[in-house]
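User: I would like to go through the labels on this model one by one. Please set each value against its cut-off.

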Amino acid sequence: MADAQEFLKDFPLLKRKMNGKQIAYLDNGATTQKPEQIIQSICGYYGGCNANPHRGAYALSVKATEIYENARVRTAKFINAARPAEIIFTKNATEALNLVAYSYGLNNVKAGDEIVITISEHHSNLVPWQFVAKSTGAVLKYIYLEKDGNLSDEDIETKITEKTKIVAVTQVSNVLGLKNDVKKVIKKAHSVGAVVVVDGSQSVAHMKVDVRDMDCDFFAFSGHKMLSPMGIGVLYGKYDILDAMPPFLRGGDMIEYVEEQNTTYAELPAKFEAGTQNVGGAAGLTAAIDYLENITFDRIEAIEKDLVDYALPQLRELPYIELYGCDSTRDNKTGIIAFNVKDVHPHDVASILDSYGVAIRAGHHCAQPLHRYLGQNASCRASFYLYNTREDIDRWIDALKKVRGVLGYGTC
């Protein structure tokens, strides 16, 4: 069994107590905790070399520029982009996906074209495509799921057609925790000339991602879900596609020349990075990549698999627990478990678990169409990461057994 105990010492927040109890933090799908190494990298930047990058000839500005651009190089290597200029820094995955929708979608989709997405998309990879479809007169189509939660192979084959211009797909569902076969989707989409946008928010922190092997056209993720600070995100795009796209935001640091009536824009990647950028966040992202690669993704996946394999049999023994996305026969389950407690609203479940020091997510998880497709309004979600242990699972399961009793329902 892969042991996460050795990593716990790096996470100061996880040493604290919540409601007088040791924290069992099981909301990593929303955001991860930050190890001391990442915290120090951020403090080191702001305490030692804070300055505006790209805009000064003095030493502090040069150092800030070096930190920022080194983060781009490091990120490109992390996901195997062909060149650093294919990495655009944003404030999160949502902004990255909107950049693609506004700058590529609105300029390359017309009335009668089709945009294909999956029913399991996070709103950030769904709402922008609704907007593009309504703005251009395109048709928005959905790939639905098999009974086990996996994408329908039939829908992939039949709904991606010669009319399809854009396909948007999450690599891992933030609700069901299932890996989608994105390479199959990409191969089909490219066979009809469509461009593919992959949401990697729930994958890049948990498994090795290779955008060139995947052959996606765009790939988006957020730093805060992979140990780095909030406010830093990444959009990868193939160079030729990005180069042909107009800017998303306009203003400082993304221009070449400005005249009274005309402006020419800087080359990639600056064209898409208007305004002062989050250098501290970039420093944290670099440190997070170093931290994760030092552990290795094989170990991270082994830890999460052990936790899922340990938790699921215990959950299945509880007759009042309903599970979602846990019946796949494929080896594609990640460290996310979605569930409900019979007769208890998910928000009540989360509040009661909180009183026992267990932190989970409750709600629609920014995936309302998926919940409606599953016949649910909301669900609870426990999501694991490299610092979670079997003891965390034990405390979660023990607290779950008390939920119905707290509300006067008994135990089953």
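User: What makes Lys141 and Glu114 a salt bridge, and are they buried or exposed?

Analyst: Both Lys141 and Glu114 are buried, a label for under 20% relative accessible area, with exposed over 50% and partly exposed in between (1.4 Å probe, protein chains only). The closest N and O atoms of Lys141 and Glu114 are 3.1 Å apart. A salt bridge needs a side-chain nitrogen of Lys or Arg within 4 Å of a carboxyl oxygen of Asp or Glu, so the pair qualifies. The pair links distant parts of the chain: Lys141 sits in strand E6 (residues 139-143) and Glu114 in strand E5 (residues 114-118), 27 residues apart. Helices (H or I, at least four residues) and strands (E, at least two) are DSSP runs, numbered from the N terminus.

User: What are the ground rules for these values?

Analyst: This is a predicted model, where local features need pLDDT of at least 70 and side-chain atom pairs count only at pLDDT 80 or more, while totals for chains, interfaces and linings use all residues. Residues are numbered from 1 along each chain as its sequence is written, and side-chain values use heavy atoms, leaving out hydrogens and water.

User: Why are Asp213 and Lys183 called partly exposed?

Analyst: Asp213 has a relative accessible area of 48% and Lys183 has 44%.

User: Why is Glu273 called buried, and what does its side chain meet?

Analyst: Its relative accessibility is 4%, so Glu273 counts as buried. Its place is in the loop between strand E12 (263-265) and helix H10 (279-295). A polar contact of 2.8 Å joins the side chains of Glu273 and Arg72. That term means a pair of N or O atoms within 3.5 Å; within protein, one must be able to donate a hydrogen and the other to accept it, and residues adjacent in sequence count only if both atoms are side-chain atoms. Not counting residues up to four places away in sequence, Glu273 touches several residues, among them Tyr68, Ile87 and Phe89, where contact means heavy atoms within 4.5 Å.

User: Why is Glu86 buried too?

Analyst: Glu86 has a relative accessible area of 5%, so the label is buried. Glu86 sits in the loop between helix H3 (59-79) and strand E4 (87-90). Glu86 and Leu242 are 156 residues apart in sequence and 7.6 Å apart in space, C-alpha to C-alpha.

User: What makes Val258 exposed?

Analyst: Its relative accessibility is 56%, so Val258 counts as exposed. Val258 lies in strand E11 (residues 255-258).

User: How do you know that the radius of gyration agrees with a compact globule?

Analyst: The chain has 22 Å, and a compact globule of 412 residues would have a value near 22 Å, so the two agree. The radius is taken over C-alpha atoms, and the globule rule is 2.2 Å times the number of residues to the power 0.38. Buried residues make up 57% of the 412 residues.
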